[in-house]
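Subject: Structure handover

Dear colleague,

Here is the structure I said I would pass on. My notes follow it.

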Amino acid sequence: MNSKKTFLWAAAVLFLLIAADQLTKQLAVQYLYQNEPVEIIPGVFELQFLINKGAAFGIMQNHQYFFAAVTCIVLCVLAWVYVRSVSLPQFGMLRMILVLLMAGAVGNLLDRVRLGYVIDFFYFKLIDFPIFNVADCYVVVSVFSLAVLILFVYREEDLEELSRHLKTGGGHKS
């Protein structure tokens, strides 16, 4: 796949993932805000509206500007890695993971900028896991997938090639 098609694919998938996240959050506002939680699996899983002014697990409450700034920096780094890796076909899975990670970051960034908080609504009651959202799912799945790729799929030579490519902008093998 040429780089133009690769970028168009990535942009389309990124847009769809962000749209899905934002749609689910809008539905949470519409159907869950100021209502009782909706039990999906009694005692195990429910939909429960939560305004989260913090980061993961609600830490660092009321630091929206900090979170927005860090997210913008992370997005720039992820986009840079994506662009630099396009000419390396063996890193297609990495690029898909980067798109998923960027979608999660943008989804929650949009909430922070637009609302001053993030809308969360998935709650695993059985284990009292912190309430989360679709964008959070994207981030968790992408980080787990990235760890699997690095630990079990890519060889050391692959990662060295990627590192060289990132440093040189796509230069040659040494």
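The largest nonpolar core has 37 residues. Tyr82, Leu98, Met102 and Phe121 are the ones with the most contacts inside it. At least two residues of this core come from each of helix H1 (3–32), strand E2 (45–52), helix H2 (64–85), helix H3 (92–115), strand E3, helix H4 (134–153) and helix H5 (156–168). H3 provides the largest share, 11 residues. Please bear in mind that this is a predicted model.

On the surface, Phe124, Leu126, Ile127 and Phe129 form a nonpolar patch, with about 400 Å² of accessible area together. Phe124 sits in strand E3, which covers residues 118–124. The relative accessible area of Phe124 is 35%, so this residue counts as partly exposed.

The last item is Leu159, in helix H5. Leu159 has a relative accessible area of 28% and is therefore partly exposed; a buried residue would have to be under 20%. Leaving aside neighbours within four places in sequence, Leu159 is in contact with Ile150 and Tyr154. Phe91 lies 68 residues from Leu159 along the chain, and their C-alpha atoms are separated by 9.6 Å.

Regards

Key:
Residues numbered from 1 in each chain as written. Predicted model: local features only at pLDDT ≥ 70, side-chain atom pairs only at ≥ 80, totals over all residues. Heavy atoms only, no water. Patch = residues over 30% accessible without salt bridge, like charges linked within 9 Å, V, L, I, M, F, W, Y side chains within 5 Å. Areas by Shrake-Rupley, 256 points an atom, 1.4 Å probe, with all protein chains shown as cover. Salt bridge = Lys/Arg side-chain N within 4 Å of Asp/Glu carboxyl O. Helix = DSSP H or I, 4+ residues; strand = E, 2+ residues; numbered from the N terminus. Buried < 20%, exposed > 50% of the residue type's maximum accessible area, 1.4 Å probe, protein only. Core = buried A, V, L, I, M, F, W, Y, C linked by side-chain atoms within 4.5 Å. Contact = heavy atoms within 4.5 Å.
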